[in-house]
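Reader: Can you walk me through this one? Structure first, then questions.

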Amino acid sequence: MYIVTHRSLFFWITGIILAAAIGSILIFGLPLGIDFTGGSLMQVSYQNSVPPLATIEKQVAVVPLGLVSVRTMGTNEISIRTRTMTPAEHDAVLASISSNASTTELSYSSVGPALGSQFTNKALWAIFVVILVIVLYIAFAFRKVSRPVPSWGYGLTVITMLAIDLIVPTGFYAAYAHFTGAEVDSLFIVALLALLGYVVNDIIVVFDRVREHLAKNEKMGVKEEFEVTIGKSINETMMRSINTALTVALALLVLIFFGAPATRNFALVMLVGVVAGTFSSICRSAPLLIPIAKWFTKK
Amino acid sequence: MTRFRVFAGIALIIGFLLIYFVWATETNPTSAYHFKLGLDLAGGTELVYKADMSQTPSSERSDALSALQGVIERRVNLFGVAEPLVQTEQASALSGITEDRLIVDLPGVTDIKAAVAALGKTPTLEFMLATTTTVGTTTEVAYVPTGLTGRYLSSAALGFGSGATAGLSAPQVILTFNSAGATLFEKITSENVGRTLAIFLDGQPISEPVIQEAIPGGQATITGNFTATGARDLVRNLNFGALPVPITLESSSAVGPTLGAAAISAGVVAGVIGFIVIALFMIAWYRLPGLIATVALAEYLAFMLAIIKIIPVTLTASGIAGLIISVGMAVDANVLIFERSKEELREGKDPREAVHVGFARAWTAIRDGHLTMIISGVILFWLGTSIVQGFALVFVLGVLASFISAISLSRVFLLSLVPEHKKGIWKFLMGSGIHNA
C-alpha cells in the first residue's frame, strides 16, 4: 500500500524526472544522424596513430564538400560526416586521407536528403499508429471492467505512461549524445520501439491484476475501496516486475560490455528505458488510475 | 503425470534435434542453412536507386518496376557477386513510400565506386515521333513519346548493312521486340507512315529514320553513325538491359569486412554470456522452476535460430535487438507463471495444483501482453523502413514462439516433475528467493 498512499510523492518524482528529460532534450537537442538528415558518414581506422583532426580536416577539404565534421572514435578510428557525397567524391576523400597514412575504411554510408526526411516521417508515423492500436486493444481487452474507470481509461493511462517512458530515455540520450558525440540513428528508433513493447507488456501485467480483482470482487459482491484494489495489485505483481526487469537489464548490461560497438548505444537507451519503464509500471501506472476513477465517480 | 512425462520427453528430444540442427548446419560449410547475415554484419554494399516514374503512366508503373528489377538483376549477376539481392519498393500511399525504389545488396563488395560502375552505364531507350512545326522561316521539331521504350525489347543484335560510304558495310543495331512491343511497333508505324520515328538513347536522338511503311514482325534496325565498337557496346548494354525508366543513386552504404566480423564475434560472446547470466539468475532465484525455465529457454532459442535459418531471415543488428527483447519476453512469461504459482503455494495448495492454477491465472496477462506486442510488431513491419522491418520480423517471430513455449514447454516440464506433496527437498525446490517461501 506504500505506493498508493504516497502516490503524490511518486507523481512528483515523475514530474521532476520528466522535466529533467524534456530540459535535456531542449538544452542539448537531439543530434540527428544521416538516416534522418541525409548526408554521408565514413568510418576510417588508422593502422598507426591518428593524425591531428585539423590535418584530416584539411585533407578532406581538398574535395569541396562544405561543412565537414571529423571526430575520433575509439583508439585509432575516426568518423567523417559530410553532405551526401557522390561515389567519386567519396573516393577522392578516401584517397586524400590515405595519402600519408595507412587507413582502412570500416564503413561508409550515404543517404540522399529525400530519403532522410522520409525515414523520419515513417518512423514517427509507425510509432503513432502502434500507440493508437495499443489503446484500442487495451480498451477492448478491458471492456468487461468499466467501473470505476471506463475501459478506455486504461488505454489512456498506458499512453501517458508510454509517452513518459519514451521521453525519459530520449532525454538521457540527448545528454549522452552531447557528451560523447553519439547521434540519433535508426537503431535509436529501434530501441524506442522495443521499449514500447516492453513497457506496454509491463503495464498490462499490473492492469491485468487490477482487472482480475475487480472481476472477483464483483462476483463475490465484495465492496472494496478502489485504492485498496490498486495497492493489492501493485504489491502482488511487484516481484515479477522487478525480476523481469532485472533479467532484461542483465542481458542489456552484458550487451553494453561485451556486445558490438554498433549495439552499445542501443543497449544503453534500452537499459535506461527498462529502468524507467519498471518504475512506471510499479509506481505510476496503476496509481494514476485512482485520480481518473475519482474524476469519473464525481461526474 | 505419466502423460506429462511422455510429452516432456518428446519436447526434450525435439529440443536436442533443434540444437543439433542449428549446430550441424552452421559447422557444415556446404549446408544450405547457414545464417544469412545482413550487410551490416557480414560486410558489403547496399545501393538504393530512385526510379524516375514521372514519364510512366501510373497503370504501368509496377510492370516497369519489375522490368527494372529484372534488368538490374542481370547486370548484378554479370558482376559476379555471391548471393546478390535486388529488391524493389513501390510507391503507395498505404505504406507511406513516395518514390519507387530499387535496392541492390552486394555482399562482400566494399568498393562503392566499382559497384556503381559495374551496374554500368545504363542506357534508356525510347522511340519518339517527331512533329515538325514551321513558324515563319524557322522549323521546330518536337518529339512526342510513343510509349515504346526499352522495356519492350527482347534482344538486340549487331548487323552490317550497306552504309553511306560505298564499299563499306556500316554497323547496325537490330532490335527485336517482345510480342507486346511488336504489336505496339506495328501500330505506331502503320499509323504514322511518312513521319520521323526518332530513336533516343539516354535522352539523345541517335537515329531518326522516316517510317516508309508499317513494320510487322517486331524488328527495327537502327542505322546511326556507329563505329563497330560503339555498335557492339550498345548491343551489349541493350541486351544486359535497356532500363525501362531512368534511375538515380539515392543512397549507398558499405561496411568493411573487419567491422562486420568484429560485430559477429562480439554478438556471439554477448549472447552466450547473456544467456548464462539469465540462467544463473533464474536458477538461483526460482530453483527448480528456474532450471526448467532455463531448459525451456534454451529450447526456445534453438527453435528461434532454426526458424531464422529455415525461412531464412536475414540477421542484422536490429534483428538481433529484436531477438534479445523477445528472449526478455519469454523470460517474463515464465516469471509471471512462477510468481503466480508461488502465490497459490502460499495459500496452501499442493505444488501440482499450484502450478496448474498458476498457469491458468497468468494466462490473461501473458495473452494480452503478447498480443499487443504481436500487433505492434506487425504494424512496424508493415510501416517500417528496412531497418525497422528487420527488427519487427524477428520480434514478431520471437514473441509468437515465446507465447507457445511459455504455455506449453515450461508447463509440460514442470508438471512432469512436480509432485503433489511439499515435503523434504521439494519444499526447497519449489521455494524461491533467499528464504523458503
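This is a predicted model: local features need pLDDT of at least 70, side-chain atom pairs count only at pLDDT 80 or more; totals for chains, interfaces and linings use all residues.

Author: The face of α2(A) turned away from its buried side carries exposed residues, including A:L9, A:W12, A:I16 and A:I27. Residues are numbered from 1 along each chain as its sequence is written, with chains lettered from A and ligands numbered from 1 in written order.

Reader: Which residues of α2(A) are buried?

Author: A:R7, A:T14, A:A21 and A:S24. They sit on the same side of α2(A), because they cover an arc of only 110 degrees around the axis. That arc is taken from the directions from the helix axis to the C-beta atoms.

Reader: What comes just after α2(A)?

Author: A:G29, with a positive phi of about 75 degrees.

Reader: Switching to the sheet. What is the strand order?

Author: β2(A)-β3(A)-β1(A)-β4(A)-β12(B)-β2(B)-β4(B)-β3(B), an open sheet of 8 strands with antiparallel pairing. Strands are DSSP E runs of at least two residues, helices H or I runs of at least four, numbered from the N terminus. Pairing takes at least two DSSP bridges.

Reader: Which are the edge strands?

Author: β2 (69-73) of chain A and β3 (85-89) of chain B; each pairs on one side only.

Reader: And how many bridges link β2 and β4 of chain B?

Author: 8, in the antiparallel sense. B:G44 has B:P107 in β4(B) as its bridge partner.

How values were computed: A residue is buried if 20 or more other C-beta atoms lie within 10 Å of its own, exposed if 12 or fewer, and partly exposed in between; C-beta atoms are placed from the backbone.
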